[in-house]
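Let's take a friendly walk through this structure, with the model open beside the text.

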Protein chains: 2
Amino acid sequence: MSRWEPDATGRMVAAALDLYETRGYESTTATDIAIRAGVTERTFFRHFSDKREVLFAGSSDLENLILQGIADAGDVPALDMALNAYRTAAPIFETTRDFIVRRARVVLDNPNLRERELLKMHSLAVVIRNAMIDRGVPPTASAVAAECATSVFTIAFEKWIDGAESEGLILAIESVARELKSIADEFQVE
Amino acid sequence: MSRWEPDATGRMVAAALDLYETRGYESTTATDIAIRAGVTERTFFRHFSDKREVLFAGSSDLENLILQGIADAGDVPALDMALNAYRTAAPIFETTRDFIVRRARVVLDNPNLRERELLKMHSLAVVIRNAMIDRGVPPTASAVAAECATSVFTIAFEKWIDGAESEGLILAIESVARELKSIADEFQVE
């Protein structure tokens, strides 16, 4: 392990997921993960602050795609702009579906991980909201669009993970987005 | 403290908030809170599992109002039904605005508390979603309406806390709800 290992991160993530599935999240230590991945503990902690973070590797790639989706959206209405963030990010989930499904099950089973996942989704909504404000969309419209697009994505993601939407995450997003449109059409508001 | 103290909970909550504001959340212990409130540590831990939970006292009252709001909503569209949960709950925030504003500042300043707050808001959205499904609203419509109503409430709450909506929380909710309606009207969906 003395030379640079290009795929050390990938091996640690795979090792962590295997251990969380077989032994349970609580019973797995950072050392266990390092050993299984064939890296030193020092390497583990150079990449991740704790064992929880291993499942959130790639968060910055996701955030970059989200930002690209906002930048690339044309001069479209607020909700279309916000949803374009998730459309742009969807392929990184779709290309690793098996991993994502296994990961989602581990996260769902552990309150600690679920809490972190909610926080990460919330921070994506904030990233979208701020990027939209930067593009000149009014603050309240940006906030509502970012939050609702994040809700659409989360619900579509759940369906896609469950296998209820076998046609892919992007189509699941479009389908839930149409549901939002239809609900809002009926909405009477006082 | 040997006899039953009807307002022990209220005193502990007030003491915790005072200490979190003056000394900081991290530097305050459960013992500090108990001493300031004039109760024993044992009393503290009979009411709260840890110092974080003190700021989430009343969660079950809130949840009951949320459920009542869904039960009381007439045969209205999904989003109106979901929003009625927050309309029904709004008065408990409005009647204690000073406390709520102070509490919100402490929560905002501490990542640990912010995380717990997000989890509580998420669990309210799940309560609404399930109550709507129980009332016969289709699952996806229930999910989208519950999540979007929760977003509307969260954004309205932020504005109300900031003082940007001086006319009260319910009016702030209606104003953000109209924004959602207007954004959804423009929404092109693919």
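A residue is called buried when its relative accessible area is under 20%, exposed when that value is over 50%, and partly exposed in between. Keep in mind as you look around that this is a predicted model.

With those words in hand, turn to chain A, where A:Tyr20 and A:Tyr25 are both buried. How are the rings of A:Tyr20 and A:Tyr25 arranged? They form an edge-to-face aromatic pair, with 4.9 Å from centre to centre and 70 degrees between the planes. Another pair to find is A:Phe44 with A:Phe48, and this one is tilted: the centres are 5.6 Å apart and the planes make an angle of 50 degrees. Both A:Phe44 and A:Phe48 are buried as well.

Some rings join into a cluster: ring pairs link A:Tyr86, A:Phe93, A:Phe153, A:Phe157 and A:Trp160.

Now for the surface. Which residues form a negative patch there? The patch is made up of A:Asp185 and A:Glu186 together with B:Asp185 and B:Glu186. Helix α9 (169–186) of chain A and helix α9 (169–186) of chain B each supply at least two residues of this negative patch.

Let's stop at one of these residues, B:Glu186, which is found in helix α9 of chain B. Is B:Glu186 buried, partly exposed or exposed? Its relative accessibility is 45%, so B:Glu186 counts as partly exposed.

Note on methods:
Residues numbered from 1 in each chain as written. Chains lettered and ligands numbered in written order. Predicted model: local features only at pLDDT ≥ 70, side-chain atom pairs only at ≥ 80, totals over all residues. Heavy atoms only, no water. Patch = residues over 30% accessible without salt bridge, like charges linked within 9 Å, V, L, I, M, F, W, Y side chains within 5 Å. Areas by Shrake-Rupley, 256 points an atom, 1.4 Å probe, with all protein chains shown as cover. Salt bridge = Lys/Arg side-chain N within 4 Å of Asp/Glu carboxyl O. Lys, Arg positive; Asp, Glu negative; His and termini not counted. Charge placed at Lys NZ, Arg CZ, Asp CG, Glu CD. Helix = DSSP H or I, 4+ residues; strand = E, 2+ residues; numbered from the N terminus. Buried < 20%, exposed > 50% of the residue type's maximum accessible area, 1.4 Å probe, protein only. Phe/Tyr/Trp six-rings, centres within 6.5 Å; stacked < 30°, edge-to-face > 60°.
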